[in-house]
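Here is a short briefing for a reader who is new to this structure. Take a look at the model, then read on by topic.

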Amino acid sequence: MLVDFRPHTRLCATRDAVDFGATLGPVVEALGAECTDLARVRVVADWLQYRANFREPVTVRPFVAAGATDADMAHDPVPKPPTVRDDDLELALDVRRCAGLDAPALRDLARRAIRGSDHVPLEGWGRMSESCIWGFNALYWQALDLWEQATGRSYEQALPGGESDARNRAGARELIAELFAAWDRLAERNALPPELYVVELGVGNGTQAKVFLDEFVAADHEHGHEYYRRLHYLMCDYSSYVLELARKTVAEHDQHVSSFVLDATSPRTALGFLKYKVFLVYISNVYDNLPTDEVAQLGGRTYGVQSRACLPRPAVDELAATTGAEPERVPALVPKLLRLGPALLAEAAPDHFGGVEDAVAFWRRTWAALRLEERYVPLAGLDLYPLTPEISGESLRPLLEAGADVRMHVSNGAVASFVDTLTLLHPFGTLVCHDLFVTDVQAYRTRFAGPGKYDGSVVNWVNGTLLAHLGRRRGFEVAYAPFAHRDGTNVVTLTAHVRD
Amino acid sequence: MLLPTTVVGSWPVPEWLERLKTDHYRGRVSRTQLDDVHDTAIKAAIKDQELAGVDIVSDGELRRDNDVDYFLARVPGVVLPLSVKEFYYDYYTVTVPAPLPPVEGASLGLADDYAFTRAHTDRPIKFSFTGPFSLAQRVAEHVYPTRAELVHRLAQVLHAEAVALAARGATRLQIDEPYLAGHPQQIGDAVEAVNLVVDGVDVRWGLHVCYGNRYARPSWEGHYDFLFPAVLDARVDELVLEFGRKGDEDLPVLAHGGWDRDVGLGVIDVKDPAVESAATVANRIRRALELVPAERLVINPDCGLRNLPAANARAKLAVMVAGTARVRETLGPPTATTVDDRPTVATAS
């Protein structure tokens with residue numbers, strides 16, 4: 001048996017130190033009673049900093065044999081080096097929550113997890129990026145007004161500190177000064193285009209845009225080159241509701257602002273006409289909210305982590321009671337909710353929902369109860385794993401080639417968005433992104449990086465090492481730095497610009 | 001032959017070859033093994049061009065890690081503080097801490113590269129190499145009082161290569177200057193260096209100027225008007241330019257600037273994997289024919305194909321050939337069926 005304890009700092013913390021022995025002991029006892037071959041078991045312990053998440057305190061992740069899934073049937077056998085460690089299952093502990101349980105409760109949880117959890121699946125096994133949790137995430141942004149009405153607070157209030165890091169005047173002035181310097185250089189060579197494009201992906205309530213534009217006008221007055229006259233500021237967001245709010249915020253700049261509803265994973269679908277023309281792309285808290293898979297290098301073999309969303313049986317019973325549906329019919333209401341949204345769901349299923357408020361309540365209860373089961377499936381080859389439709393998993397090789405055990409997010413949505421956005425940049429352009437990044441593969445061995453639930457959305461820390469690697473392979477210098485304009489934040493600033 | 005088709009130089013580098021090249025720079029694949037891989041890949045690249053119907057082929061520049069290091073790192077006197085690379089395509093940091101030694105003949109091995117290609121195809125061959133101006137831009141530190149002097153010294157090195165290439169039978173050489181568009185005010189120095197390279201080398205010379213193709217991105221933006229009038233002094237037979245991606249609004253610049261020699265007309269956007277149609281190619285050629293007579297047009301992609309997936313590159317060349325054939329059919333019966341490799345300008349000073 002292999003025990004992988006990731007949150008090392010919790011063992012020797014001066015406050016709230018974890019007594020891992022008290023957690024591990026009962027779990028090992030349960031494993032001993034339930035498993036025939038402990039040599040093929042991994043125990044992995046995380047500290048889930050998101051109190052709202054998709055995990056039980058104790059869960060089991062089986063290892064699926066190569067060739068056992070449909071996806072592998074067409075391929076030749078995957079060569080298996082003799083040094084590969086074959087495991088049957090991984091038992092995952094959230095040591096934060098386990099610390100609150102006594103030994104019999106832990107033993108009981110572990111035993112039940114090993115025998116098979118009493119969950120009602122909402123979907124089949126598949127890539128996590130294709131799970132219905134992303135349907136919930138999309139619904140949150142599409143029906144944000146209804147969610148906010150129900151919770152009584154705006155989504156910005158759900159952010160740490162109650163506001164986005166984007167609305168920072170010093171940061172905006174810094175960006176504008178860099179833009180002006182680049183434009184001055186181009187103007188000297190008679191190479192400054194007549195239209196100067198700035199794109200913002202994920203606009204929030206428009207405050208960032210307003211701060212930027214106000215500061216731009218002030219700097220332009222001082223500078224005297226009349227760049228504001230040539231400026232086109234493009235606000236882009238997935239949510240038309242959010243865009244509408246943002247447009248009102250920047251009403252005084254409306255001659256220079258356009259807004260686009262777009263999917264952040266493929267900005268070129270709406271902005272293709274700006275290829276190589278954008279001088280600044282500004283992104284704040286978008287990537288951590290885009291679909292992702294996870295891959296794992298364990299015992300010398302690379303696995304894809306498959307998942308399926310499910311609901312605990314008691315939650316299904318409760319949802320059935322509140323909607324007047326039979327418990328077995330509750331799972332069918334979920335895809336209907338995701339397809340129609342709460343407003344139309346109330347109309348489509350009047351027997352279960354008295355009105356929109358009831359449908360929103362069903363949405364929120366389901367979301368709160370939602371869990372993800374996981375399993376490991378060997379990858380037949382990195383190049384056979386599509387990181388995005390255009391990028392193969394081969395890009396992961398430098399991150400995995402050391403061969404050490406690691407499980408990490410591959411941030412498919414962020415990768416697609418980042419790579420697609422780079423093609424918009426002018427040779428003198430810059431991409432600036434504030435978000436939650438893991439900037440060192442080693443960090444995946446010591447900390448939990450998601451998924452967590454953030455209000456009604458999904459949050460994952462973004463694989464910054466992978467983005468940097470992909471950026472470099474596309475001719476960009478990618479740098480990370482702690483967000484410079486607020487102390488004590490987890491936010492990291494990514495900056496990308498053309499090198500060579 | 002009217003409207004001969006050709007390539008600018010480079011051929012797609014597939015992922016597996018990138019891995020092998022990178023492994024070489026990390027010491028996992030020997031030089032001999034990598035050379036063998038390159039030989040095999042080059043033969044395949046030549047065959048692909050032949051199958052696509054391209055009239056004048058290249059070796060795909062597949063031996064080169066990028067457009068600079070293959071040359072610069074071999075120049076006697078050039079120093080590489082670090083000779084390993086994280087990725088083969090990265091540029092070395094290069095310095096010239098002391099004056100380069102006098103040139104005593106070819107030292108870069110380009111003639112051998114040409115000879116290998118010659119041995120594997122019966123078609124005319126274009127052999128290209130990066131020009132002295134662009135090579136000099138990648139030197140981080142040097143001992144010369146001005147960069148122009150470094151450009152001059154590198155031109156002498158390349159001149160020796162050109163002499164050796166011609167001696168081995170090369171008839172069509174091309175100087176690539178991918179950095180020139182980023183330094184338009186230095187066009188005079190660049191042309192002077194080009195003339196040093198071609199001096200007395202009696203082949204058909206092309207000069208390729210684009211807006212950069214590193215990682216399939218333009219490194220600069222602008223217009224070709226910066227080339228004139230200085231480029232008129234360049235003793236080259238052909239200007240090879242990109243028009244496929246940028247559109248042909250710069251074509252009149254050639255006529256207004258007084259360019260009366262051949263034009264390598266870029267009709268394929270190498271920065272976009274989407275494959276053009278033969279009709280698009282034909283239209284691009286027809287628009288060019290309004291300004292340049294068919295006798296002076298050579299049809300090629302905008303730049304090297306290295307950043308494209310191989311299947312897309314093959315498809316793009318095929319439509320380039322098909323589109324060209326459509327236009328040829330409208331130009332009357334062919335006056336010749338072979339490619340003319342004769343120089344049109346005297347290269348001797």
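B:Glu61 sits in the loop between helix H2 (31–52) and helix H3 (69–72) of chain B. Phi of B:Glu61 is near 55°, a positive value in a residue other than glycine. The model is predicted.

- Most residues other than glycine have a negative phi, and most peptide bonds are trans.
- B:Glu61 counts as buried, because it has 27 C-beta neighbours inside 10 Å and the cut-off for buried is 20 or more.
- A:Tyr276 also has a positive phi, near 65°, and is not a glycine.
- The loop between helix H10 (268–271) and strand S10 (278–284) of chain A holds A:Tyr276.
- A:Tyr276 is partly exposed, with 16 other C-beta atoms within 10 Å.
- A cis peptide bond runs from A:Gly450 to A:Pro451, with omega near 10°.
- A:Pro451 belongs to the loop between strand S16 (437–438) and strand S17 (452–454) of chain A.
- In chain B, the peptide bond from B:Phe228 to B:Pro229 is cis, with omega near 0°.
- B:Pro229 is in the loop between strand S5 (204–209) and strand S6 (238–241) of chain B.

**Chain A overall**

- Chain A contains 16 helices and 21 strands.
- A box of roughly 80 × 60 × 55 Å, taken along the principal axes, holds the C-alpha atoms of chain A.
- Of the 500 residues of chain A, 45% are buried.
- Contacts in chain A between residues at least 6 apart in sequence are 79% contacts between residues at least 24 apart.

**Chain B overall**

- Chain B has 10 helices and eight strands.
- Chain B is as compact as a globular protein of its length, because its radius of gyration of 19 Å is close to the 20 Å that the globule rule gives for 349 residues.
- The C-alpha trace of chain B spans about 55 × 45 × 35 Å along its principal axes.
- Buried residues are 50% of the 349 in chain B.
- Of the contacts in chain B with a separation of 6 or more, 82% link residues 24 or more positions apart.

**Cores and a covered helix**

- In soluble globular proteins, nonpolar side chains tend to be buried together.
- The largest nonpolar core has 102 residues. A:Leu91, A:Val199, A:Val281 and A:Leu467 have the most contacts inside it.
- Leaving aside residues up to four places away in sequence, A:Val199 touches A:Leu234, A:Cys236, A:Leu271, A:Val278, A:Val281 and A:Leu424.
- A second, separate core has 98 residues, including B:Ile56, B:Val263, B:Val267 and B:Ile299.
- Helix H15 (residues 412–422) of chain A is mostly covered, with 11 of its 11 residues buried. Among them are A:Val415, A:Phe418 and A:Asp420.

**A helix pair in chain A**

- Helix H5 (residues 144–151) of chain A packs against helix H13 (residues 356–369) of chain A at an angle of about 90°, with the axes 10 Å apart.
- H5(A) and H13(A) are therefore roughly perpendicular to each other.
- H5(A) contributes A:Leu146, A:Trp147 and A:Ala150 to the contact, and H13(A) contributes A:Val356, A:Val360 and A:Arg364.
- Five residues of this contact are nonpolar, none is polar and one is charged.

**Where the chains meet**

- At the interface, 10 residues of chain A are in contact with 12 residues of chain B.
- The chain A side that touches chain B has six charged, three nonpolar and one polar residue.

Conventions: Residues numbered from 1 in each chain as written. Chains lettered and ligands numbered in written order. Predicted model: local features only at pLDDT ≥ 70, side-chain atom pairs only at ≥ 80, totals over all residues. Contact = placed C-beta atoms within 7 Å. Nonpolar A, V, L, I, M, F, W, Y, C, P; charged D, E, K, R; others polar. Axes fitted to C-alpha atoms, helices over the stretch in contact; angles between N-to-C directions. Helix = DSSP H or I, 4+ residues; strand = E, 2+ residues; numbered from the N terminus. Parallel < 35°, antiparallel > 145°, perpendicular 65-115°, else oblique. Buried ≥ 20, exposed ≤ 12 C-beta atoms within 10 Å, placed from the backbone. Core = buried A, V, L, I, M, F, W, Y, C linked by C-beta atoms within 7 Å. Rg over C-alpha atoms; globule rule 2.2 N^0.38 Å.
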